[in-house]
Amino acid sequence: MQFNTFVSSVRDLERCANAPHLHEVLLEPTLLARQGKLSSEQVHGLAAKARELGLRPVLVWDVLMPENVMSSICQRLKDWDLSSFGAIRACDPGAAYWLKTYLPQIPLQLIVETGNHNLESLWGWCDIFSGSLERLILSIELPEEKLVEYCQKLPVACELLGVGQILLFYSPRSLLAEHLLERQTAEQEEPDLLSLNLGNWGGEEVSFQDETDSLYEFNPNSSLYLEATSAFAETPNRHFPTLETIHGTLMFLDKDQFILDRLDNLRSAGLHTVRLDLRHLGREGDVAVDIDRICRQILADPISLRLTWPRETRAPFFKANRTTALFPRMKSKLSDYRNDNCLAEVLAGEKGKYVVFYTLRSFELSQIKSMMMPTGEEIEVPPGITFRNLNGEQLETAEPEQMLLTDWIKKAVPGALLVGF
């Protein structure tokens, strides 16, 4: 099992070269990476230096792109020496297919951290990109049991985030700059859902107008790198790191993913690479600060590393993904009443005027007991209320799949069920 990490300077590379089990570095150009800050010249220079130090440089292309942005980027890549990189990792299936088609000789690392949580889908990507695919970057939302299974069954190497920020939300749209620009130009009320505190600007010249008009006004020469904290109205004291670049807006959990003290089973299962993402802890242009010390401590005493980590740590999905635990509570309370005692369902109504029912079986109107609300509340049907067909004729019996009308019944809402004895 090896480590990899992001780098942005020669100092980062020198630390990586001294880090045990770290053989691969990730380079993020502004053109291709969501959080990229490096120019083409910087990326190529760092790739050459990495090779000198015995490290394998990997180019990160993790942006999601509409067709016009994809075409613009691919045109610019014709001037790049992509053979300088040991591999290229992509998130957008279109970018991955372009790499397989035009650069099949360069190994592909496919980022499948979002929406690819079952083995069948991962096998599908392996088939589609066979011949080029070198590695799958798996989601931290997979519990340990599934990660072990996938590492053992998939035909390519697997990578997982060992430590770093947990991405909560990503949108290719600009969601910060416009609010911050308004704050600078005029006093205004706080947003209802989001409070923004200016962090810092990446680059001295930023044109807000170019970046906020539309998602598709892609300006690869922009230096926009806007960091802020976001807080929801319900939890104003909990601040979520938020970032906007030319490729969109990202929001992160206020705690870091950390499983470096739980790697034994994954190591035994054959996990190939553990990613150490220290970008949010960077300083003075470096994003792999203390990476050599951290790698040594992972091997020697990962528990103490977690205890001294500069941010709170979590592994929210590692033992079990419980995101479905609330499904039973979200389930309609009426499902238990759709049985032989269920007579009809409320389709529509107008307060103070009428209620429309759709019958589910034949029944005598004398069988009606009550009405069940979607909330689970049971209400009485007013005594003496009459049921009529669409011709206005009063009925004593109802047939299946029939529309019935009554006077208004208080609390009646679409979806409520008429139940009988």
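Okay, so before anything else: a residue counts as partly exposed when its relative accessible area falls between the two cut-offs, under 20% for buried and over 50% for exposed. Keep that in mind, and keep in mind that this is a predicted model.

You'll find Asp 290 in the loop between strand E12, residues 273-276, and H10. What is phi of Asp 290? It's near 65°, a positive value in a residue other than glycine. And most residues other than glycine have a negative phi.

Now, helix H1 itself, residues 10-17. Which of its residues are buried? Asp 12, Leu 13 and Cys 16. They cover an arc of only 100° around the axis, so they end up on the same side of H1. And what do they pack against? Strands E1 (2-7) and E2 (22-27), plus helices H2 (40-52) and H10 (291-300).

The largest nonpolar core has 82 residues, and Trp 61 and Leu 136 have the most contacts inside it. Apart from that core lies another, of 21 residues, with Val 346, Val 355, Phe 363 and Met 373 among them. Going back to Leu 136, and skipping its neighbours within four places in sequence, its contacts include Leu 110, Val 112, Cys 126 and Glu 159.

How values were computed:
Residues are numbered from 1 along each chain as its sequence is written. This is a predicted model: local features need pLDDT of at least 70, side-chain atom pairs count only at pLDDT 80 or more; totals for chains, interfaces and linings use all residues. Side-chain values use heavy atoms; hydrogens and water are left out. A nonpolar core is a set of buried Ala, Val, Leu, Ile, Met, Phe, Trp, Tyr and Cys residues joined through side-chain atoms within 4.5 Å. Buried means under 20% relative accessible area, exposed over 50%, partly exposed in between (1.4 Å probe, protein chains only). Contact means heavy atoms within 4.5 Å. Helices (H or I, at least four residues) and strands (E, at least two) are DSSP runs, numbered from the N terminus. The arc is that of the directions from the helix axis to the C-beta atoms.
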